[in-house]
Each structure stands twice: as C-alpha cells, then as structure tokens.
Amino acid sequence: CPVVLAPKNSSVAMPPPADIVKVAIEWPGAFPKLMEIDQVSACVRVLAGPVLLKKTFWIFLFQNRNEIKNGAILRLTTSPAQNAQQLHERIQSSSMDAKLEALKDLANYSRDVTFAQEFINLDGISLLTQMVESGTERYQKLQKIMKPCFGDMLSFTLTAFVELMDHGIVSWDTFSVAFIKKIASYVNKFASDISILQRSLAILESMVLNSHDLYQKVAQEITIGQLIPHLQGTDQEIQTYTIAVINALFLKAPDDKRQEMANILAQKQLRSIILTHVIRAQRAINNEMAHQLYVLQVLTFNLLEDRMMTKMDPQDQAQRDIIFELRRIAFDAESEPNNSSGSIEKRKSMYTRDYKKLGFINHVNPAMDFTQTPPGMLALDNMLYFAKHHQDAYIRIVLENSSREDKHECPFGRSSIELTKMLCEILKVGELPSETCNDFHPMFFTHDRSFEEFFCICIQLLNKTWKEMRATSEDFNKARKRVMQVVKEQIMRALTTKPSSLDQFKSKLQNLSYTEILKIRQSERMNQEDFQSRPILELKEKIQPEILELIKQQRLNRLVEGTCFRKLNSRRRQDKFWYCRLSPNHKVLHYGDLEESPQGEVPHDSLQDKLPVADIKAVVTGKDCPHMKEKGALKQNKEVLELAFSILYDSSGQLNFIAPDKHEYCVWTDGLNALLGKDMLSELTRNDLDTLLSMEIKLRLLDLENIQIPDAPPPIPKEPSNYDFVYDCN
C-alpha cells in the first residue's frame, strides 16, 4: 500500500493537476476537513484551516487510491498497534469510569483480527483473565452501590475475552482452574444479568469443544442441574446458549459416560422442559436454536449406536430370554407359562413352530438372526418394546400373519430387523451432527422412548403396506426390497411435513397408503417423462438455449442482490457474518464484514472490499477449496464440504465461501461460472431447466390438446403436374 506524507507546515505551491480530488477527512474528536488528494503523487494539501496534529506528518494508507472520487469521506484512526497499547494501559486505570469506558472500547475493537493480534502480543489475554479471577474482587464491596457499573464492566471484560479468543490465536489449554471456577460461578451468580450469563455460557461451550482437559475441568464445575433453570426462562438466546453447552458436554463425554449423562438428563426431565419452554413456546424458533435442537436430537439417537453394533451372543441366556418373552407374549398371553408339561422334545418342537410363526429365519435358534450389524441387538430391543407396550397390535400382527396359508404373510421377525436397519439409516444413527444443519423433528421430543415409538408406528405401517402390495414371503428378499422402498418413501414424505407429535406422524402415514404413493409416483413420472416423442424432443433442443440464457440471467440477478455468508468457527452460534454481491454492471464483486445478519440487501457503498471479475482465475469447490484444506475439523464434515466454494485470483489471492444452504451454493457457483463463460452444472440448474422446458413445451402445445402428435413428420407430397393455381400478385 502506498504511504502518503504531507508536511504540516509545507508552503510549496503546486499547480492543481487533473488528478486532484476533493475529499472530506474525518478523525476522532474533530470536525471533517476538506482536503485535496493528488492521485498520482498521493500528496495531501490542507484547504480548510489548520490541522492540529501531534505528529509532524499525516500518514494515509490507500489500497486503491485511484478509486477515490470527489466527495468521498475518508475516516482516519489510530493504528491497531497504537490502539492496542493505549487500551492495554487504559483498562488498568484506577478510575472506575475510565476503566469501564476502556473495556467498552476493547470489546468493540477486539472483533478486528489485526487489533486482536496486537493486543494479544501485549499479553492482553492474561490481563483479562487476571481481572476475571481476582481483579474484580476489589470492587465486591462496592457492588451494592455500584452494581450496574460492576455488571457492565464484567460484561465488557467477558465480551472482549470471547471476541479475542474467537480469532483462534491463543490456545484454550492455557487457562487455569481458578478462571474456570469463576466463569462457572457466573452461570448461577449472575443468572439475572443476561449479558454476563450469555458470555459465560459461550466461554464454557468453547472450552469444552476445544480442549479435552478443559472438558474434564468444566464437567466438574458445572452440573446439568445448574443449567436446567436457564431453559425455563423466556429468553431464547439464553436457552440456545444453554442447550449448546449441554450438547458440547454430551459430544465430548467419553463413550462410557454418555449413557450416564443421558440418564441424568432424563432424571432432570430435559426433554419435557425443552418441549414446553422452547418448542411449544409462543414464538418462532430461530435458525441457531433449530441447529442446537438438531444436534441434541442426533446425539440422543447416537446413544443407540452401541446396541446397533452389538451382535447377539447365542450362548447368553439373558439375551435368549428376550426371544422367549416374545414367544410367550404372542402365544401364551392368556395361559400360564408351560414350564414342565410335556417332554423336552415336544417343547422344542413347539418352540420351533412358534419361532417360524414369529417370522425368524432360523427357527431352531432365532438368536442367529441378530448377529448381523447393523442393526444388531437394537432390532431385538425394538421388538420387545413393541410386544410389551403395544401388546394388542403385536399379537394381532403375529397371529394375523401366522394364520395365513396363501404365502402372503409378512414375517414379523425378519421385517423388524430390516425396518430397524432402515430407520437407523434415515436418522443417521452413529454419524456426527452436521455443523450447518438445523433439521430437527419436534415429534422426537414428545416421548422419552421416541425411537422405539417411531419403530412401533413404522412396523404397523410396514405390515399394512405389505398387505396392500400383496407381497409374498416365498421370495422374501425381492418382496422386502419392493416393500421397503415404498415404506421408506412413506416415512420420508411424512417426516418432511414436520409433524409436531407421534400421533400426527401416524395420521400423516394413514394418508400415504400404497395406492396414494402410486398416484404420486405416476404424477411425478408424467411431469418428468411426458412428451418424449421425437418432435417434442426436437422442440426442446431448439428452445433449450433461450431457457439456459434465462436461467443465467436469474443467477446473475441473484448475485447482484447479494447473499449473507457465515464465517464458521468452533462456536457456531457466535459466527460472524459477511456479505458479498455483484455490481449491476457485472464487473466487480463487493464484499465486507457485518456484525449481524442483515434484513434485506446491503448497499454497495457499505461494502469496503472489491474484487474485479476480470481478476478471477478460477472457482473451486469442496475439497479443492483452500479453507477446507486448512481446517481439519471442517474437512471431515460432508455437509460443510458440499457447501464450500472459493474464488481464486491473482497469484495467491482467494475469497472463501461457505453457503448458508444448498440452494445458495448452486446459485453462486452457477453465477460465478456464468461470469467466467463456463457452463452451469449444478443440480439446481438441471431442475430449473427441466421445469422451465416442461412449462414452455406445455404452453406451446396448448392448441394441440387432444391431438395426437406423430412420432415421424408427415411425408412430403409429390409435386403437382402444373402450377396454374398459383396467383401472381403482380
């Protein structure tokens, strides 16, 4: 960057060249001054009155001085290093008012990474932690008369600490137990002070997520009982922070501790509290709360992974007793267990017959059916839950199928194993939660055994669909594949409606019978495969270029509107935002940081940085993006990889993006490729092209309704013997 120097007392008269522009210069504590800037020599001349300076020279740093126009306003400020030094001294002032004002400024400046680096180099983090650990104790006696001042001072201190740590310059492993204890105490001590509580919860979450040692220390200092009351309030942001801390403790807990923690959460009725005070509260759930609920949902279902991956031991009597119980409930529910009557051979024969009726593959030793993982023992757990808690439905399904002789019975045992495996795939049991997803289902928060209840509803659906499709058990593998495809489609379509309860989910399934699924499929197939004759295909080929041009214009218009992107970090809720948009003439990309997600478009003049489209060398996606190679944690996350893209320019310049969703990802990658003269290859473009082509074809063929379109053009008639019928207009 060129440096502009202007002597304060310079009296050299210079003729005003054509490159001089008039601008307003602002600096703290003074009115704007009108000045002239020579864009060629970058010399500054004062026009309006003397400029009072402590230094002998003005120093300006311009990245693109040629872009400075007449009437522009340039704001001067102290350098980050000088600012950091001044604030480092001011926050140690003995004056409460001066200290408070300094901490307020520090909280604001710490958002800038350059300032943060300079302040941290002055050992600023240690200074803040000392103030939290012991420095504030000097003012404990003054709290009664200066409580607002004390609360604000602590709030600004914690805010500055959070912002500085958010840049990832300092490791979290460096903090003492005393500091952790103090932060944990604020969760209770300052429960009524929203700002202090927010920052304390944010710090605890980051400690747990970023350090295994700190996780153990935090887990010793904070209990679920201390966090639960914060969920019962009305502040959704505090509720979000609280669930985030619970999720962090859950995620980082050792495998042998997670089930114990789940039991504690159940004892504290966490699910019921979230359902009452969060999900069913009289307010909309924002995106961050939805994300935290999704994470909690995933972590809860992941507790099933151990049973899902556990094979049954045929020699384990306790496990074999579960199978005996399934047989007893189905066939001996109204009679006493047959403990001694009849010979051993007779009882074995009876058991083998009953196990066949229950639909197991191995009639002699059904335990062998549960040696495949997944679903392992989880399938047997689901079957036992269904038999005990929905006994009438269980007995009806077993007896109904075992009494059939037309080979159309739906084998309960094999179907339950296959269904459990499919439900684990749908709910992604065992997978880590996505960093960007917020797809939680309210119905799973309405029951303590939601997965088992989910299975019970779906096994009845499977039995019903099996009968509707008249599947046969003679070739179970083929029948299973066909029926399971339909059942999965029924479940997925019902889940997309986001039912608020399990009963509502069950009602949705009743409206998605096999006949209804066939109608939906037929309708979708007609939309996709309609008009496949050669003349229609030729017409599509003819109008496709203008449709692609229309899509291209739409993508570019969306880039002109701009999009708000997140800067993902370890504390997703604390993410910063930045905005990027294309200039109306499609020549320049304007971008800049934002404090919060904007409402509507952000003006070009508020975005400080620019990137000429002509300087763009390439657009890369996924694993090829520089920021995906640098961040190991994000690199392992499939969802983030699918939303990442980067603009490469100059020799090493890069602009890195993580789209808010798949739609925005497709819009931006399509738009950038269109700017570079490349093809738009996204899935969204293919879908839009298919939809618009279909609509255009239908519009053009409205006049041909009920007229059959031939596959081949009509033959050309023979030439007439004479052309006497031709009328000469001349």
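Mentor: Let us begin with terms: helices (H or I, at least four residues) and strands (E, at least two) are DSSP runs, numbered from the N terminus, and two strands pair if DSSP finds at least two bridges between them. Here the model is predicted, so local features need pLDDT of at least 70, side-chain atom pairs count only at pLDDT 80 or more, and totals for chains, interfaces and linings use all residues. Residues are numbered from 1 along each chain as its sequence is written, and side-chain values use heavy atoms, leaving out hydrogens and water.

Trainee: In the hairpin of strand 12 and strand 13, which residue takes a positive phi?

Mentor: Asp650 does, with a phi near 55 degrees; three residues lie between the strands of this hairpin. Strand 12 and strand 13 (residues 653-658) run antiparallel and are joined by six bridges; Ser646, for instance, stands opposite Asn656 in strand 13.

Trainee: With which sense does strand 11 pair with strand 12, parallel or antiparallel?

Mentor: In general, strands of a sheet pair through backbone hydrogen bonds, in either sense. Strand 11 (residues 616-621) pairs with strand 12 in the antiparallel sense, over five bridges, and Thr621 stands opposite Phe645 in strand 12.

Trainee: How many residues of strand 12 are buried?

Mentor: Buried means under 20% relative accessible area (1.4 Å probe, protein chains only). Five of the six residues of strand 12 (residues 644-649) are buried, so this strand is largely enclosed by the rest of the structure.

Trainee: In what order do the four strands of the open sheet lie?

Mentor: Their order is 7-8-9-10, with antiparallel pairing. Strand 7 (563-567) and strand 10 (609-612) are the edge strands, each pairing on one side only.

Note on methods: Buried means under 20% relative accessible area, exposed over 50%, partly exposed in between (1.4 Å probe, protein chains only).
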